[in-house]
Amino acid sequence: MAELISKKFGKLEYQEDSVFLFPQGLPAFEDEKEFVPIENPDTAGLVYLQSAKTPELCFLALPAGAVDREYQLEVGRDDLAALGLDTHRQPLPGAEVLVLVLLCISADVPVTANLLAPVVVNLANRKAVQAVRSDSRYSPRHELRQEDAC
Amino acid sequence: MLVLRRRAGESIFLGDDIEIAVLEVNSQGAKLGIRAPRELVILRKELKVAAEQNRAAAVSPGLTEVTEIFRKIQKGS
């Protein structure tokens, strides 16, 4: 077991093999390469992505399918290669990869989800990238409604 | 927005030291070449949007408030 300090959760123990490894970090957070996924019974379904090295940094995320049941994944070849996946086809969400969308949560404005840039995790090796789409099919600020977050 | 038509092999200048050349155009898109001072940051737009959105997403309220907001979404109130 390893240990980290989280501003949200305090001191936490975690299994090292549960860590999501971002070889390139995330846009604007290029030095953040390890995140620990945390679930909280009070907010079942919501995934907290806690940075292993920065206590203050904790993203909130939902599975893409919980926000948009029809969500079509589109991961570029460079990102597929970084994940260690076949670069000639799209991976299967749920079976090969976990697809999470990052949320913007604050008290006075609607919660939004970034469908433009989902976090994609290879379930076989825990490698992860934020797969920024180059099309404009999905919004980076998709507003969550009642039927979305289930 | 200024709109210019350029063919493959042609280029434009922004100021004196930034050159943007159209190298190739096909049904997949246009391949651009950019010559600019090294210190100039050049980003695909979607990466810039993703970076801004990540900075916003990195700021969230404490656990109690997150729980409250999340419950409200689930109830749809």
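At 24% relative accessibility, A:Ala28 counts as partly exposed, a label that goes to anything between buried (under 20% relative accessible area) and exposed (over 50%), worked out with a 1.4 Å probe on protein chains only. This is a predicted model, in which local features need pLDDT of at least 70 and side-chain atom pairs count only at pLDDT 80 or more, while totals for chains, interfaces and linings use all residues. Residues are numbered from 1 along each chain as its sequence is written, chains are lettered from A and ligands numbered from 1 in the order in which they are written, and side-chain values use heavy atoms, with hydrogens and water left out.

Back to A:Ala28, which sits in the loop between strand E3 (20–21) and E4 of chain A. Helices (H or I, at least four residues) and strands (E, at least two) are DSSP runs, numbered from the N terminus. The phi of A:Ala28 is near 80°, a positive value in a residue other than glycine. A:Arg126 also has a positive phi, of about 65°, although it is not a glycine. Its place is in the loop between strand E9 (119–122) and E10 of chain A, and A:Arg126 counts as partly exposed, at 24% relative accessibility.

A:Gln50 is found in strand E5 and counts as buried, at 0% relative accessibility. Contact here means heavy atoms within 4.5 Å. Leaving out residues up to four places away in sequence, A:Gln50 touches A:Leu4, A:Ile5, A:Ser6, A:Glu34, A:Phe35, A:Val36, A:Ile38, A:Pro55, A:Leu57 and A:Cys58. One of these, A:Phe35, is 15 residues from A:Gln50 in sequence and 5.2 Å from it in space, C-alpha to C-alpha. A:Lys11, by contrast, is exposed, with a relative accessible area of 59%; its place is in strand E2 (residues 10–14) of chain A. With residues up to four places away in sequence not counted, A:Lys11 touches A:Glu3, A:Leu4 and A:Ile5. From A:Lys11 to A:Leu49 it is 38 residues in sequence and 15 Å in space, again C-alpha to C-alpha.

What about the cysteines? The structure holds 0 disulfides over all chains, a disulfide being a pair of cysteine sulfur atoms within 2.5 Å. A:Cys58 is in no disulfide, and the nearest cysteine sulfur, that of A:Cys104, is 13 Å away.

Now for how the chains meet. Chain B puts 26 residues in contact with 39 residues of chain A. The size of an interface is often given as the accessible area lost when the parts come together. Buried area is counted that way here, as the accessible area (1.4 Å probe) that two parts lose on being put together, summed over both. Between chain B and chain A it comes to about 2500 Å², with carbon and sulfur atoms giving 66%. B:Gln53, B:Asn54 and B:Phe70 supply 24% of the area that chain B buries against chain A, more than any other three residues. B:Phe70 turns up again in the surroundings of A:Thr43, which touches A:Tyr48, B:Thr67 and B:Phe70, not counting residues up to four places away in sequence. A:Thr43 lies in the loop between strand E4 (34–39) and strand E5 (47–51) of chain A and is buried, with a relative accessible area of 0%.

Within chain B, B:Gly33 has its place in strand E3 (residues 29–35) and counts as buried at 18% relative accessibility. Residues up to four places away in sequence aside, B:Gly33 touches B:Glu19, B:Ile20, B:Ala21 and B:Leu23. The C-alpha atoms of B:Gly33 and B:Ile20 are separated by 5.7 Å, with the two residues 13 apart along the chain.

Last, the pocket. On a 1 Å grid over the protein atoms alone, a pocket is an open set of points where a 1.4 Å probe fits, with protein on both sides within 12 Å along at least five of seven lines, and lining residues have an atom within 4 Å of a point. The largest pocket is lined by 22 residues, of which A:Gly76, A:Asp79, A:Gln130, A:Val132 and B:Arg44 lie nearest its centre. Helix H2 (77–83) and strand E10 (128–130) of chain A each supply at least two residues of this lining.
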